[in-house]
Amino acid sequence: MRALVSNDDGIHSPGIEALERAAKAAGFETYVVAPDREQSATSHALTLHRPLRVVKTAERSWVVDGTPTDCVNLAICSVLRDVRPDFVFSGINQGPNLGDDVTYSGTVAAAFEGTLQGIPSIAFSLDYRRDQADTPPDFTHAEAMAEEVIRLALSRPMGADILWNVNIPAGRPAGIRATRMGRRRYGESVVEKIDPRGRPYYWIGGAHIDTHEDGSDLTTVAGGHVSVTPLHLDLTAYRALEDLADRLSGSHANGAS
Ligand code: MN
């Protein structure tokens with residue numbers, strides 16, 4: 001079995017090495033295609049307006065001057081065309097991707113891209129805040145948990161159009177739980193200051209407002225468990241679709257006169 005390993009923290013992140021080891025321990029031959037620098041919070045961006053450069057750095061390792069999505073797309077459609085991966089693993093991100101983080105996350109987007117390309121994909125993140133910690137992140141437990149989650153993924157098919165978003169608490173986790181996406185909002189974190197030339201500038205900080213509900217990824221990781229949230233590529237709100245169809249059937253907008 002072959003695994004494509006990527007991330008959004010860049011090729012030099014310790015988290016990508018931990019994930020590569022976890023995948024190897026679970027029986028995979030690993031191929032790394034990762035950004036040449038940090039690309040956190042780039043979401044599902046695809047570079048369309050400039051050429052991308054791919055540099056081979058080792059036997060099965062390449063760096064790309066692009067986004068995590070570029071890496072996964074280029075890997076599957078070009079670099080690894082003749083050795084199509086069986087899985088895509090993204091991470092282990094240096095920081096959590098909980099609740100609404102998934103829509104900003106380059107880590108989750110890499111798994112999203114893998115799933116779009118028809119390959120089962122998993123995003124891994126470690127609950128670590130660099131601005132609050134005075135020590136670098138320790139991926140020891142996260143690596144062991146990543147291997148366990150990979151083995152869980154191998155036990156039966158994950159299902160079409162499904163990716164897993166995995167968040168691992170710092171320290172030794174108490175176990176693994178199935179969760180749903182919680183609510184996290186970056187609402188009041190904009191810092192306004194004046195630059196040395198007297199002009200105002202704005203910096204979006206990392207402060208967030210979380211809603212804690214039973215069974216959510218946020219609550220589960222806060223409680224010391226590994227959170228695995230299955231996400232679906234189809235973002236349609238089906239109940240709202242029925243409501244919208246119902247509204248249209250009673251209005252002139254559908255062509256009725
Ligand atoms: Mn990151």
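**Note on the metal site, cores and surface**

1. The manganese ion is coordinated at 2.1 to 2.2 Å by Asp-8 (OD), Asp-9 (OD), Ser-40 (OG) and Asn-93 (OD1). The model discussed here is a predicted one. Along the chain, the donors of the manganese ion have the spacing D-D-x30-S-x52-N. Asp-8 belongs to the loop between S1 and H1 and Asn-93 to strand S5, so this pair ties together parts 85 residues apart in sequence.

2. Asp-8 counts as buried because its relative accessibility is 2%, and Asn-93 counts as buried at 6%; the cut-off for buried is under 20%.

3. The largest nonpolar core holds 34 residues, of which Phe-89, Ile-92, Ile-122, Phe-124, Trp-164 and Val-166 touch the most other members. Elements that each supply at least two residues of this core include strand S1 (2-6), helix H1 (14-25), strand S5 (87-94) and helix H4 (140-154). H4 provides the largest share, six residues.

4. Ile-92 illustrates the packing. Leaving aside residues up to four places away in sequence, Ile-92 touches, among others, Asp-9, Ile-16, Leu-19, Phe-124, Phe-139 and Ala-146. A second, separate core has 13 residues, among them Leu-4, Trp-62, Val-72 and Leu-80.

5. On the surface, a nonpolar patch is formed by Val-190, Tyr-202 and Ile-204, which together have about 350 Å² of accessible area. Val-190 is located in strand S10 (residues 190-194). With a relative accessible area of 47%, Val-190 is partly exposed. In soluble globular proteins, nonpolar side chains tend to be buried together.

Note on methods. Residues numbered from 1 in each chain as written. Predicted model: local features only at pLDDT ≥ 70, side-chain atom pairs only at ≥ 80, totals over all residues. Heavy atoms only, no water. Core = buried A, V, L, I, M, F, W, Y, C linked by side-chain atoms within 4.5 Å. Buried < 20%, exposed > 50% of the residue type's maximum accessible area, 1.4 Å probe, protein only. Helix = DSSP H or I, 4+ residues; strand = E, 2+ residues; numbered from the N terminus. Contact = heavy atoms within 4.5 Å. Patch = residues over 30% accessible without salt bridge, like charges linked within 9 Å, V, L, I, M, F, W, Y side chains within 5 Å. Areas by Shrake-Rupley, 256 points an atom, 1.4 Å probe, with all protein chains shown as cover. Salt bridge = Lys/Arg side-chain N within 4 Å of Asp/Glu carboxyl O. Donors = N, O, S within 2.8 Å, 3.2 Å for Na, K, Ca; no water.
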